[in-house]
Amino acid sequence: MIHDLHIHSKISDGKLTKEEIIKLAKEQKMEVISFTDHNNYSDIIADIPVIKGIEFDAIETYSFHLLVYFHEYSQEIKNLVDKYRENITQTSVLLLEKIKEIHKIEIPIKSFSYPITKRDIIDYLINNSYACSVNEANLKYTGKKADSYVQKYSLDFKDITKLDKENVTTVLAHPVSLNMNDDQLFSYLKYLQELKLDGIEVVNTSKISLIQTIKYLEMAKKLNLLTSSGSDFHDLKKNTIGVDDVYSDTLIKKYIK
């Protein structure tokens, strides 16, 4: 089945609107897609099946990205989005204060719209010639090695897994980003499963290699976890949308009748 359950649009850090992405999906004869924008959600009317989704920043001992799929954008999910937006803005304000204190660069809060994210600050630094690239901005001002670094806010994983399981499915996104060896990852997946993790992303054409896919499929089988696949699409200059495999079939059937 040609599908994609990991797509980012302009409402987070993607470069295309949802309407532009739907047009691309139809041109490629895709059967189902999911917009999984970072910590944000908006409805879309489409003439192609769309599974509602969000990619949350989550933490449970380690920080990771969590794909959350749902039938309805419930008040409980909205509360998590609102909580994230409030806290990420507070964290960003603290980062602005540290940049001012340490680097003597005063960035007016009015330069940003709510919520303020680290990426907004990075874009400001680049657009105002304090850095030439995202990597340089991270190195000097916002990354873990910078004097002005502030740890980003993430939602408590347990708070996300309290959501109604009839409505919501939780999937660990691109496990490779955890930088664990196979044994460590398997143990961590088992731990998250005990805390009600439902699945693992086994195909991510932006981040996961074929060898990693094979390993993740084996882990999912041993733990009886759902699997999903997608492109992690952000920008046509970097990748395209769409995958053609069976790894998302069970998940798709839960949301598309």
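Me: Hi! Which strand is Asn204 found in?
Reply: Asn204 sits in strand β7, which covers residues 199–204. Strands here are DSSP runs (E, at least two residues), and helices are runs of H or I with at least four, numbered from the N terminus. Residues are numbered from 1 along each chain as its sequence is written, side-chain values use heavy atoms, with hydrogens and water left out. This is a predicted model: local features need pLDDT of at least 70, side-chain atom pairs count only at pLDDT 80 or more, and totals for chains, interfaces and linings use all residues.

Me: Is Asn204 buried or exposed?
Reply: Asn204 counts as buried, because its relative accessibility is 0%. Buried means under 20% relative accessible area, exposed over 50%, and partly exposed in between (1.4 Å probe, protein chains only).

Me: And which side chains does its side chain make polar contacts with?
Reply: The side chain of Asn204 makes one with that of Glu201 at 3.1 Å, and another with that of Asp232 at 3.3 Å. A polar contact is a pair of N or O atoms within 3.5 Å; within protein, one must be able to donate a hydrogen and the other to accept it, and residues adjacent in sequence count only if both atoms are side-chain atoms.

Me: What else is Asn204 in contact with, leaving aside neighbours within four places in sequence?
Reply: Those residues are His6, His174, Gly230, Ser231 and Asp232. Contact means heavy atoms within 4.5 Å.

Me: Switching topic, how many helices and strands are in the protein?
Reply: The protein has 8 helices and 9 strands.

Me: And how much of it is buried?
Reply: Buried residues make up 48% of the 257 residues.
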